[in-house]
Amino acid sequence: MRVALITESFLPTVSGVTTSVCKVLEHLARTGHEAMLIAPSGAPAEYAGFPVHSVPALSYRQFPVGMPSPQVHRLLADFGPDVLHAASPFLLGAQGIAAANRQGIPSVAVFQTDVAGYARRNKLGQAANAAWRFVKWVHEGADLTLVPSTASMLDLRRVGVRRLARWTRGVDLVGYHPNHRGDPAVAALRRRLAPNGEVVVGYVGRMAPEKQVERFRALRGVPGIRLALVGDGPSVPQIRRELTGMPVTWLGRLSGPELAAAYASFDIFLHAGTEETFGQTIQEAHAAGLPVVAPHAGGPIDLVAHGENGLLFTPDDERDLRRCVSLLAADAPLRHRMGEAGRRGVLGRSWENVCGTLLGYYEQVVDERAAVRATVSVPLSMQR
């Protein structure tokens, strides 16, 4: 199969969208398919052996935003894909879907943006309705929209988007593993993070307004804990101000073995943001055997079984966030039981399995387009 991918985010930018696109390309390479990627400028020239074509981009909150370009139509026409995969389509992805439709190429769009949450946080009011109309317009152009969570499915159905299916995300079950807690590098990091044997409450992700990391301030004064924050982004100055005087270790952006070591050094994983369409870092924490504390909102609802593999706190209630973390911090056996349950829960979500499901969706839209073309090509008299 020949697959063209178009994405709003790619390397060197690190995001959930980037990670998913990389994993899909790697899977396509391993399974013998052909692919190409269209991405905002600044991307590497190739990935997993496939060409990456850059288009002009503007910078927004340290992110390159791909702009519509005449190149998109030409690149698709030259490559002649069987299917287009639009990752979190916005301006660039919308153009890709439109170009694919003009060329008769079926498309799969992957929804990964919490428009409703963004609108609420920024008090957009009536502008939120316009944003949803744009989302509906973009996704209605695709043959199929894949959504990562129950909450996302409900949001899109509410605004009238049709042709929806669930597609979750995979997780590295080898890189993120409870056994890594015994590694020398992890032991050294633990000594740095918790020199007196404190409980380490960790976070991994972008430091941006929608992640609401400043809510870790609710843990001020909780005895016997230390915070460890992995990631960077535009909200770092604000978060530093909010957490002034608290026992925090800033680990910066990590990847690969260093990121795996960070997860293995945590005792509790805390995610405070209420705008996650999925929650990839929650899956990674579960794979590492950690109990998770997250809001009862968006993607975490599907990932965290309250009282089993973590705790869900009332959204926007920092006292409840504090209560949940304090409960786990004071009860090591409970942390262990929940961590084991989290690991068991993700064992079927390897990237191999998840990408195999994605290929099934590709085949579905290709077959459906072919069936439509066959019907249209049959003379009306014969259809009767």
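This is a predicted model: local features need pLDDT of at least 70, side-chain atom pairs count only at pLDDT 80 or more; totals for chains, interfaces and linings use all residues.
Guide: Residues are numbered from 1 along each chain as its sequence is written, and side-chain values use heavy atoms, leaving out hydrogens and water.

Visitor: Which strands stand at the edges of the open sheet?
Guide: The sheet has eight strands with mixed pairing, in the order E3-E4-E2-E1-E7-E8-E9-E10; two strands pair if DSSP finds at least two bridges between them. An edge strand here has a single partner, so one side of it is left without a neighbour in the sheet. These strands are E3 (46-47) and E10 (164-166).

Visitor: What is the bridge partner of Val147 in E10?
Guide: Strand E9 (residues 144-147) pairs with E10 in the parallel sense, over three bridges. In E10, the partner of Val147 is Arg166.

Visitor: And what angle does the direction of helix H1 make with that of E1?
Guide: H1 (residues 16-30) packs on the sheet and touches E1, E2, E3, E4 and E7, where contact means heavy atoms within 4.5 Å. Angles run from 0 to 180 degrees between N-to-C directions, and axes are lines fitted to C-alpha atoms, for helices over the stretch in contact. For H1 and E1 the angle is about 165°.

Visitor: How many of the residues of E2 are buried?
Guide: E2 runs parallel to E1, joined to it by five bridges. Buried means under 20% relative accessible area, exposed over 50%, and partly exposed in between (1.4 Å probe, protein chains only). E2 is mostly covered, and of its seven residues the buried ones number six.

Visitor: Are H12 and H13 roughly parallel or roughly perpendicular?
Guide: Helix H12 (residues 318-329) packs with helix H13 (residues 332-345) at about 105°, their axes 6 Å apart. The contact is made by Leu327, Leu328 and Ala329 of H12, together with Leu334, Arg335 and Met338 of H13. Angles under 35 degrees count as roughly parallel, over 145 as roughly antiparallel, 65 to 115 as roughly perpendicular and the rest as oblique. H12 and H13 are therefore roughly perpendicular.

Visitor: What is the relative accessible area of Val200?
Guide: Val200 lies in strand E11 (residues 199-204). Beyond its neighbours up to four places away in sequence, Val200 touches residues including Leu193, Ala228 and Phe266. Val200 is buried, and its relative accessible area is 0%.

Visitor: How far apart in space are Phe216 and Arg322?
Guide: Phe216 lies in the loop between E11 and strand E12 (225-230), and counts as buried at 0% relative accessibility. Phe216 and Arg322 are 106 residues apart in sequence, and their C-alpha to C-alpha distance in space is 8.5 Å.

Visitor: Which residues does the cis peptide bond join?
Guide: Look in the loop between E1 and H1, where Pro12 has its place. Omega is about 10° for the cis peptide bond, which joins Leu11 and Pro12.

Technical notes. Helices (H or I, at least four residues) and strands (E, at least two) are DSSP runs, numbered from the N terminus.
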